[in-house]
Amino acid sequence: MEQIYQKVENGSNEVRKAEVGTKMSRNLKYMKNNYQLYLLVLPALILLIIFKYVPMYGAIIAFKDFNPLQGIMGSPWIGWKNFEKFMSTPDFMDLLKNTLKLSAFGLIFGFPVPIILALMIHRIKRVSIKKNIQLVLYAPNFISVVVVVGIVFIFLSPVGPINRLITFLGGDSVSFMTEPSYFRSIYIISDIWQFAGWASIVYLAALSNVSQDLIDAAKIDGANILQQIRHIDLPTIKPIMVIQFILAAGNIMSLGFEKAYLLQTSMNLPTSEILPTYVYKIGLQMGDYGYSTAIGLFNAVINVILLISVNQIVKRLNEGEGI
């Protein structure tokens, strides 16, 4: 009996090997017949390897007491000491909380806005009005972060338009840029204003494929606009929403360094000091490259774990659909 089982297992292994060999031969044949496509992709692939994968070699300094004069290989190996140093520092939990809170609130409040904008724009029938609205919504994306932060400082300054309106209505002037409690709201609102319009493009592109016959049939059946959006528009953009959410959740630790650093003041540091700004200060301002690389590597690992975890959760809740 055991010999029979062994023969069956050997036979199944041979079948698998034959299937793999057949699949490989098909792939090689396809690549040979369509080599022009791979030549077209080759420059982008080379650039990706040079600028994305080759620099990963430098991450080894996170495990070394790096000295620029000794070089990466010449610097002494210290193992996990940089990571232990970071996790034992009094600022560790504050930095982690600030980063997670800012990212999580940005995801919660910022993710639905492009979807809502796309659904609203899609319902505008007059092409001229639609184009003008899109132009106004897309324009902030092309403004430099430095300019955006300058606008924020001007509007929220003690003598700016917002405080003038508050004092005109009988209130007291508010010091928005020095109060730690206002930092997250300022960051998230300015982020939504700058990027939500541009982010809605991908949803508008998907909504353009909605069949007019479905909309006409829904109108005949008496469906109002909200019912049409629920049963026609949202199912159309659902796959894109899932992918965008997974990517956004996976990058929850990857906040934009520039805006957070530019919005920082000496008074709002309790909430504005996040991992990217801390890495900049430790690495470039203080010159502790190994320690700052360890923090950046820790941040990247957390991002990868979140991306995989969120993807698996979404797949289970969404009938296997994910990245």
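These legends describe close-up views of a predicted model.

**View 1. Phe63 and Trp77 form a stacked ring pair.**
The model holds 18 aromatic pairs. In this one, the ring centres of Phe63 and Trp77 are 5.8 Å apart. Their planes meet at 10 degrees, so the pair is stacked; the cut-off for stacking is under 30 degrees. The pair links distant parts of the chain, 14 residues apart. Phe63 sits in the loop between helix 2 (35-53) and helix 3 (71-74). Trp77 sits in the loop between helix 3 and helix 4 (81-88). Trp77 is exposed, with a relative accessible area of 55%.

**View 2. Phe63 also pairs with Phe83, in a tilted arrangement.**
The ring centres of Phe63 and Phe83 lie 5.3 Å apart. Their planes are at 40 degrees, so this pair is tilted. Phe83 is buried, at 10% relative accessible area.

**View 3. Five aromatic residues join in a cluster.**
Ring pairs link Phe86, Phe92, Tyr278, Tyr291 and Phe298. One member, Tyr291, also has a lysine over its face: Lys85. Lys85 lies 4.4 Å from the centre of the Tyr291 ring.

**View 4. Lys259 lies over the face of Tyr187.**
Here the distance from Lys259 to the ring centre of Tyr187 is 5.8 Å.

Helix 8 covers residues 145-156. Helix 10 covers residues 180-199. Their axes come within 11 Å. Helix 8 passes helix 10 in a right-handed crossing.

**View 5. Residues 96-310 carry a UniProt domain annotation.**
The unreviewed UniProt entry annotates residues 96-310 as "domain: ABC transmembrane type-1". In the predicted model, this stretch is 76% helix and 0% strand. The C-alpha atoms at its ends are 19 Å apart.

Conventions
Residues numbered from 1 in each chain as written. Predicted model: local features only at pLDDT ≥ 70, side-chain atom pairs only at ≥ 80, totals over all residues. Heavy atoms only, no water. Phe/Tyr/Trp six-rings, centres within 6.5 Å; stacked < 30°, edge-to-face > 60°. Helix = DSSP H or I, 4+ residues; strand = E, 2+ residues; numbered from the N terminus. Buried < 20%, exposed > 50% of the residue type's maximum accessible area, 1.4 Å probe, protein only. Lys NZ or Arg CZ within 6 Å of the ring centre and 35° of its normal. UniProt positions renumbered as here; feature names shortened; annotations may be inferred. Axes fitted to C-alpha atoms, helices over the stretch in contact; angles between N-to-C directions. Left-handed = near helix turned anticlockwise from the far one by under 90°.
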